Amino acid sequence: MHLINRAVLLLSLLFLANHSTADTTTDAILAWGEEMRNAEAAEPTDHPATYNSQVGVFYLAVFEAVNASTGTQWESFSGVALPENARADLAASYAAHAALSATYGVSAAALDARLAAIVDSASTD
């Protein structure tokens, strides 16, 4: 992971440390980050700048979704619609899924399965 990617992740985690859902949300962000690395391994990009752009879009979408769900920041401009009182971990999961699905088409089935498992486990909580 490049220095900029680490900085974005660190800032996101520091932000989340101030919220009650931080542990669950941090776990969701880290799990989706692993999905992003798996998708990149399955469908490698042809240039490092392309990969960095994809990582930036991914973390920006997740960051905005968490901010929008917690009400601590401006309205999300990533286009991910959040239901009222959305949980931050589910918002992060939906945003991560949307960003990765748009970038890595071949891995869509695995990403869909991951999101479905998260939503199913959240509905039983």
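**The whole chain**

Start with everything shown: buried residues make up 40% of the 125 residues in the chain. Buried means under 20% relative accessible area, exposed means over 50%, and partly exposed lies in between (1.4 Å probe, protein chains only). This is a predicted model, in which local features need pLDDT of at least 70 and side-chain atom pairs count only at pLDDT 80 or more, while totals for chains, interfaces and linings use all residues. Residues are numbered from 1 along each chain as its sequence is written, and side-chain values use heavy atoms, with hydrogens and water left out.

Now switch to a cartoon view. The chain has 5 helices and 0 strands. Its pattern along the sequence reads α-α-α-α-α. Helices (H or I, at least four residues) and strands (E, at least two) are DSSP runs, numbered from the N terminus.

How much of the contact total with a separation of 6 or more comes from residues 24 or more positions apart? They account for 63% of those contacts in the chain. Contact here means heavy atoms within 4.5 Å.

**Stop 1: helices α4 and α5**

Select residues 88–103 for helix α4 and residues 108–123 for helix α5. Two packed helices are described by the angle between their axes and the distance between the axes. For α4 and α5 the angle is about 170°, and the axes are 10 Å apart. Axes are lines fitted to C-alpha atoms, for helices over the stretch in contact, and angles run from 0 to 180 degrees between N-to-C directions.

Are α4 and α5 roughly parallel or roughly antiparallel? They are roughly antiparallel to each other. Angles under 35 degrees count as roughly parallel, over 145 as roughly antiparallel, 65 to 115 as roughly perpendicular and the rest as oblique.

Show the side chains of the contact next. From α4, pick Leu-90, Ser-93, Tyr-94, His-97, Leu-100 and Ser-101. From α5, pick Leu-111, Asp-112, Leu-115, Ile-118, Val-119 and Ala-122. Colour them by type: 8 are nonpolar, 3 polar and 1 charged. Ala, Val, Leu, Ile, Met, Phe, Trp, Tyr, Cys and Pro count as nonpolar, Asp, Glu, Lys and Arg as charged, and the others, Gly among them, as polar.

**Stop 2: the salt bridges**

Side chains of opposite charge can pair when their charged atoms come close. How many salt bridges does a search of the whole structure find? It finds 3. A salt bridge is a side-chain nitrogen of Lys or Arg within 4 Å of a carboxyl oxygen of Asp or Glu.

Select Glu-34 and Arg-37. Their side chains meet in a salt bridge of 3.0 Å, N to O. The two are 3 residues apart in helix α2 (residues 22–42), so about one helical turn separates them. Glu-34 is partly exposed at 38% relative accessible area. Arg-37 is also partly exposed, at 34%.

Move on to Glu-35 and Arg-114. Here the salt bridge spans 3.8 Å, N to O. This pair links distant parts of the chain, with Glu-35 in helix α2 and Arg-114 in helix α5, 79 residues apart. Glu-35 is buried at 17%, whereas Arg-114 is partly exposed at 28%.

Then select Asp-89 and Arg-87. The closest N and O atoms of this salt bridge are 2.7 Å apart. Arg-87 is partly exposed at 32% relative accessibility.

Stay on Asp-89, in helix α4. Asp-89 is buried, with a relative accessible area of 9%. Look around it for Thr-24, Thr-25 and Ala-28, which Asp-89 touches when residues up to four places away in sequence are not counted.

**Stop 3: around helix α3**

Select Ala-65, in helix α3 (residues 48–70). Ala-65 is buried at 2% relative accessibility. Draw a C-alpha to C-alpha distance from Ala-65 to Leu-90: 9.1 Å in space, 25 residues apart in sequence.

Now pick Ala-86, in the loop between α3 and α4. Ala-86 is buried at 17%.

Is Asn-67 buried or exposed? Asn-67 counts as buried, at 1% relative accessibility. Asn-67 and Ala-88 are 21 residues apart in sequence, and their C-alpha atoms are 8.0 Å apart in space.
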